[in-house]
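Visitor: I have a new model open and would like to go through it with you. Could we begin with the metal site?

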Amino acid sequence: MTTAYAELIAHRQQTATLASVNAVLGWDQETYMPPAAAAHRAEQAAAIATLVHERSTSPKVGDWLSACERDRDLTGDHEGEPAANLREMRRDYDLATKLPTELVAEIARTTSQAQQAWKTAREHSDFAKFAPWLEKVVALMRRKAECYGVPAGGELYDALLNEYEPGMTARELDAIFTPLRPRLAGLVASIVKSPKKPDPRLLELKGPEAGQHAFGLAVLRQMGFDLSAGRLDTTAHPFCTELGPRDTRLTTRYTTDSFLEPLYGTMHEAGHGLYEQGLPKTTRWGEPLGEAISLGIHESQSRMWENFVGRSRAFWTWALPVAREHLKPLLDGTSIDELYGAANWVEPSFIRVEADEATYNLHIMLRFQIERELIAGRLPVSSLPATWNRLFKEFLGLDVPDDRRGCLQDVHWSFGLMGYFPTYTLGNLYAAQFWEKINTDIPDLDARHARGDFASLKHWLNTHIHTHGKRYRAGDLCRRVTGKPLSADPLLRHLEGKLKPIYGV
Ligand code: ZN
């Protein structure tokens with residue numbers, strides 16, 4: 001290896017270590033930090049973030065990268081080791097340096113005020129209060145996209161999408177979402193009309209928090225999440241964060257109506273956590289080859305454990321006796337099929353974060369359509385509520401009663417997160433496509449899960465997804481693993497195959 005390459009990697013490792021210090025501070029802030037510590041914590045976080053930013057954008061990095069890129073021995077095999085690392089380090093460097101400092105500062109200032117405006121606007125369900133700020137944010141996002149540069153034949157939105165899902169384009173998303181939407185909407189509509197429903201009373205079974213926590217830990221252990229290199233704590237909003245090569249933190253919350261919500265929150269975050277634990281970080285700390293590919297692939301891991309495993313009859317065959325033990329006497333007299341039905345409750349509702357597995361993607365497709373139009377300049381901000389409500393009726397069949405339950409519900413746009421929403425549905429799509437391949441490779445997967453054997457699934461994911469780090473882009477990984485480009489069909493087959501028998505449609 002050349003000196004430039006060695007220096008580049010060493011520099012990035014140090015930067016990753018500094019960034020992981022900030023992750024510790026962030027985790028503490030969300031879990032155990034006393035409220036009075038907030039002001040100094042903000043100073044600490046900003047100090048480290050500044051160091052990380054300076055190191056990531058240092059001209060030295062640009063020089064090393066250019067030196068490596070001139071060296072054919074390093075860049076020859078595109079998915080080979082130094083080449084894949086260099087490809088991803090170039091991408092990160094360009095993303096970090098292509099924006100003028102003045103624009104970065106203006107985005108930070110504006111989005112911080114926009115968040116405040118959004119909070120007030122949402123509280124009072126008053127879109128007019130947020131509109132001028134959203135106009136500013138959209139204008140800044142358009143400038144940002146212009147600085148990143150539009151890929152050939154693409155549109156401004158692609159440049160934003162690329163931050164979260166490298167290589168994905170609006171046109172490609174459109175090609176997948178367009179056939180998905182009417183079939184999904186049709187399935188949901190037939191479920192709504194069907195008189196056959198699971199027993200809704202099961203959605204209000206709660207049990208004591210200690211029992212729920214113990215049950216959650218039992219599920220984590222069975223999934224193969226390494227609790228000697230991770231923890232489960234409680235927070236207001238569940239998340240998974242990585243504090244270092246052998247330290248993955250998960251959080252969940254128990255302040256809900258049903259024990260099912262925290263369980264699925266825990267399994268979701270554990271899916272993210274298993275990905276983090278499966279990446280080759282101890283040997284490749286700070287290298288792209290030790291890091292997750294994209295938000296979409298990350299989300300495919302969480303959704304797989306939450307929805308494909310956790311909401312299956314096989315899972316409940318194993319989990320019901322375990323849950324009974326921890327939640328006594330809550331589930332006495334409840335059958336596997338009753339729980340399986342409740343876990344797959346489908347009902348159109350206004351709030352995305354509360355949506356079920358089937359309707360969720362319709363919420364995302366609506367947001368994608370709107371933000372794409374906003375960035376293209378085809379949809380004025382003032383028309384947002386009317387457009388939202390019209391699409392909501394079309395996609396989910398409901399009349400939005402107010403903007404609080406409509407276009408003001410998500411924090412993302414006030415943060416300047418545009419191009420982010422599609423990664424949630426991409427996660428479901430990748431999960432479904434991987435799932436079909438896993439079931440071909442392991443034909444008795446269901447029987448194994450019914451016995452509580454999740455090790456073969458974890459091993460498959462470790463081998464086919466996790467171990468590669470960023471060696472392949474998401475689309476390439478999908479083709480490599482499943483033999484096909486990403487498509488809507490596996491997700492539709494999964495949802496129709498599961499939900500039609502439950503609802504008798
Ligand atoms: Zn997630």
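Guide: The following conversation goes through some local features of this structure, which is a predicted model.

Visitor: Which protein donors hold the zinc ion?

Guide: The donors are His 268 (NE2), His 272 (NE2) and Glu 299 (OE), lying 2.1 to 2.3 Å from the zinc ion. Their spacing in sequence is H-x3-H-x26-E. His 268 belongs to helix α11 and Glu 299 to helix α13 (residues 295-309), so that pair links distant parts of the chain, 31 residues apart.

Visitor: Are His 268 and Glu 299 buried or exposed?

Guide: Both His 268 and Glu 299 are buried.

Visitor: And what about helix α11 itself, how many of its residues are buried?

Guide: In α11, 16 of the 19 residues are buried, so the helix is largely enclosed by the rest of the structure.

Visitor: What span should α11 have, and how far apart are its ends?

Guide: Helix α11 covers residues 260-278, and at 1.5 Å a residue its 19 residues should span 27 Å. The end C-alpha atoms are 26 Å apart, which agrees with that expectation.

Visitor: Changing topic: where is Gln 212, and what is it in contact with?

Guide: Gln 212 is in helix α10 (residues 209-223). Gln 212 is buried, at a relative accessible area of 5%. Leaving aside neighbours within four places in sequence, its contacts are Lys 206, Gly 207, Tyr 254, Phe 259, Pro 262 and Leu 327.

Visitor: How many disulfides are there?

Guide: The count comes to zero disulfides, taking a pair of cysteine sulfur atoms within 2.5 Å as the rule. As for individual cysteines, Cys 147 is partly exposed with a relative accessible area of 27%, and Cys 240 is partly exposed with 21%.

Visitor: What about the backbone, where is there a cis peptide bond?

Guide: A cis peptide bond joins Lys 328 and Pro 329, with omega about -5°. Pro 329 is in the loop between α14 (313-327) and α15 (336-343). Another backbone feature is at Ser 125, a residue other than glycine with a positive phi, near 50°. Most residues other than glycine have a negative phi, and most peptide bonds are trans.

Visitor: Where does Ser 125 lie, and how accessible is it?

Guide: Ser 125 lies in the loop between α6 (101-123) and α7 (127-148). Ser 125 is partly exposed, with a relative accessible area of 23%.

Visitor: Now the aromatics. How many aromatic pairs does a search of the whole structure find?

Guide: The search finds 18 aromatic pairs. In one of them, the rings of Tyr 164 and Tyr 420 have centres 5.1 Å apart and planes at 65°, so the pair is edge-to-face. Tyr 164 lies in helix α8 (residues 156-164) and Tyr 420 in the loop between α18 (412-415) and α19 (422-441), so the pair ties together parts 256 residues apart in sequence. Tyr 164 counts as buried, at 12% relative accessibility.

Visitor: And how are Phe 315 and Phe 454 arranged?

Guide: Phe 315 and Phe 454 form a tilted pair, 6.2 Å centre to centre with 45° between the planes. Phe 315 lies in helix α14 and Phe 454 in the loop between α20 (445-450) and α21 (455-464), so this pair ties together parts 139 residues apart in sequence. Both Phe 315 and Phe 454 are buried.

Visitor: Which residues form the aromatic cluster with Tyr 164?

Guide: One aromatic cluster is formed by Tyr 164, Tyr 360, Trp 388, Trp 413, Tyr 420, Phe 421 and Tyr 424. The charged end of Arg 367 sits over the ring of Phe 421, 5.5 Å from its centre.

Notes
Residues are numbered from 1 along each chain as its sequence is written. This is a predicted model: local features need pLDDT of at least 70, side-chain atom pairs count only at pLDDT 80 or more; totals for chains, interfaces and linings use all residues. Side-chain values use heavy atoms; hydrogens and water are left out. Helices (H or I, at least four residues) and strands (E, at least two) are DSSP runs, numbered from the N terminus. Buried means under 20% relative accessible area, exposed over 50%, partly exposed in between (1.4 Å probe, protein chains only). Contact means heavy atoms within 4.5 Å. The expected span of a helix is 1.5 Å times one less than its number of residues. Donors are N, O and S atoms within 2.8 Å of the metal (3.2 Å for Na, K and Ca); water is not among the atoms, so sites may look incomplete. Rings of Phe, Tyr and Trp (its six-membered ring) pair if their centres lie within 6.5 Å; planes under 30 degrees apart count as stacked, over 60 as edge-to-face and the rest as tilted. A charge sits over a ring if NZ of Lys or CZ of Arg is within 6 Å of the ring centre and within 35 degrees of the ring normal.
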